[in-house]
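Me: I am new to this structure and would like to understand the words used for it. Please set each value against its definition as we go.

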Amino acid sequence: MSSELGQPQEGPSHAGLDLPNPEGDEAGVQRGVIRSLRAPRCRSWIQKVLEQITDSPRQWITPSEVVPVAVLAVQRYLLEGEPRDVEPKPPLYCYDVTISDGVFREKCYLDPSLNFLVYKNILKVGIEVKISRVSCIYNEKRLGQGILCIDMVHCGESLDSISLEIPFRNRAHREIPERPLRGGKSHYLALWNNEDPYGDIWLSNKQPEEHNFNNTRIVSLSHLEMTWSNRRSFPALLVRILRKSKLRYYGKPNKKMTEPYQTFLEVADSSGTVSVIMWNTLCPEWYKSLHVGLVLLLQDYSIKKSHPFRMQPLPVDPQIKLISTMEICLNLRDPPTNIIIIPEEQVKPEWRLPKLNHRFISRSELDDMPENSICDVIGVLVFVGRVQRSKKKESREDFWSYRWIHIADGTSKQPFIVELFSTSQPEVFEKIYPMTHFMCTQLKVVRNDSQVPKLLYLTTTNESCMFINGHRGQPYANNTKNANRPSTSQSARRESQSQEKDGKPQDDGPVSSQRCHTTSASLSPPKKKRTLEGPCAKPIPVPQPETSAQAKGNNPGMPSTFQRRESTSTGRIGKARKTISDKWESQMWREKKLGLIDHLRYSCVYPESIPRRFVLEHRDFLTQQYNSQPAKYIPQEGRPPKLYDFKSALVLGHFEVTILGLNHEIAISVAFLPEYSSEDVRTSQIDTLLTCMNYSCLFPQKSTGNDRLQGSRALTGDIIKAATELDKVRIVGILDICNLGNGKTEVYLHKIYRPDKTS
């Protein structure tokens, strides 16, 4: 068998196997052992299976004994096309699954027919699985080498764990890189998107170094633009990085490229700014080390004509010439590019390299900015939504990862609402939580003033970058415009504290007025909007314990069945409340509901779908919950809390709405999560359910802290009353459908339209 089979973790040596598993020193997997699998055994189950498949004349076997094993890693990569494939296929992503029985650890290939288990978040790290059929895929080019393939598997529950160092054999201070089992690829991809760097090939150790410029010939960008077509070799460039794009992965099954990555840098000297394209293997080597603001010396590069359809980002300084006729190409070969980071201390004033010039705006200024404007924002996070995914193309397996966040800067009661896509910075994207200082560049304004309420938010662009963990040393720290603004961190924190005192509980730590989505099944394949038509039959509401109320932005959920309930569960962090239920049913529904052919019930709101109050003490747990599932098992310290231990941030809870089909044969019940805001006075009452749906947020008259609960109950009654106006009315409903994984699907009513009323 190959070197991929059989790695001891503890106990007996792996007799009968010729070579140790090179993954034995894999960082991130060797720590942590599953408690229920920790009991010592005389023989390893994995070792028995390896011996069975080795001795069997067949390519597959059913293990004589099926015992639970733990999943320690699920890693994704692009499988190159097989020689027998005549027609090109769309990208086929494969998965390697690392399992452990407490004695041996083995990396296995997951049969592609089981990929759906990963897509649906059923097969994931930290769970117990039972493997009932395996096979061996042999390397026909080398004798005695093969990999274990999982053909049939049953996924169980998550397992409790303990953080513990495992005494691996043959560990001897050697670090062996991670490599996929099949296809000849040199690296794994991030588990849920292609933009994030993942694995040990991505270096971040490039440091500035002093350079002797005495024998270095430097050319300006403007002079190079005029002369490059007549040259074969080019002098060095001395430039500053002004913009940096996220990574682009262009791997395809039928193209054997080692690291098919690409990224753009916008660089400038005193004479102009130009695009630099970094290709392939240089990306893993340099991408994480090249930051906006660094000064680079580029040698042995190539030049080509600019792509005619590429839109360059707005120049940092309008007075610097934008060179759009050529692009600088950096490659590992043809020719091999030399990149040197120049220390800032060595940068001379006579070089006249441009400074960074950020376009910071305040929240109060955003209201006057036109659509598609580009800006930078800075402040304190007051809301962090869960990570979601949407398909890039319907026929492909590629997804965008994004989340919604709110940023307060102290200049307005309204926060910045930002649609934050992955910017190839997973170290930031996956570690943000409320009350973190946060800065994001190159955001685009999205607005629609014609709809009610007016649509206004920011979204990331290809060149957006995020910064957290304070401002010292960041590339924008010396920006004079921002330095003179007193409206960022301290003001936002004061605003947050003032909100905390405004009738809100103060037992949730220093940021009890803030909330975050927490979700243990947060990988969200694309939200698909489906239209259905029928009369509104039965509105019912369901409120949760009262808490803070800020617009979510990313959950335009709306009730399609109205029933009001309040949770009665108790927790260490939340308090129990009495159950409240309000209900309305139309006469038509009473007559038709018993004769339905089918009643689709999707009104359940799962714990991970409810926005929660943020508790600083549990930030690591909450951060993990609202991120996507990790590719590697991460041991927990102690016993983690449960989601329902954290107070809901929904004042009104959720509503259930039942819509009856036009033929009165099928009905669907879905959930509606209205937002509650006592600060916005654009409307003081709920006049119709359609108004409520269009706003996605309720703006009642202000109430004091003493009658807060009574006010929310009264508002619920107003919504129920407004729903009666749609009795027997034909409507068109827009649904948001989201796969939470583990067989759980949430369906929310996004909006209701009346075909006879277009306004």
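Me: How do you know where Lys728 is placed?

Reply: Lys728 sits in the loop between helix H12 (708-723) and strand S33 (730-741), where helices (H or I, at least four residues) and strands (E, at least two) are DSSP runs, numbered from the N terminus. This is a predicted model, in which local features need pLDDT of at least 70, side-chain atom pairs count only at pLDDT 80 or more, and totals for chains, interfaces and linings use all residues. Residues are numbered from 1 along each chain as its sequence is written, and side-chain values use heavy atoms, with hydrogens and water left out.

Me: Why is Lys728 called exposed?

Reply: Exposed means over 50% relative accessible area, buried under 20%, and partly exposed in between (1.4 Å probe, protein chains only); Lys728 has 51%, and therefore counts as exposed. Lys728 also has a positive phi of about 65°, although it is not a glycine.

Me: Why is Gln442 called buried?

Reply: Gln442, which lies in strand S22 (residues 437-448), has a relative accessibility of 3%, so it counts as buried. Gln442 too is not a glycine, yet has a positive phi, of about 55°.

Me: What makes Asn115 buried, and which residues does it touch?

Reply: Asn115, in helix H2 (residues 115-119), is called buried because its relative accessible area is 4%. Leaving aside neighbours within four places in sequence, Asn115 is in contact (heavy atoms within 4.5 Å) with Tyr93, Tyr95 and Leu110.

Me: Why is Tyr602 called partly exposed?

Reply: Tyr602, in strand S27 (residues 598-602), has a relative accessible area of 34%, and so counts as partly exposed.
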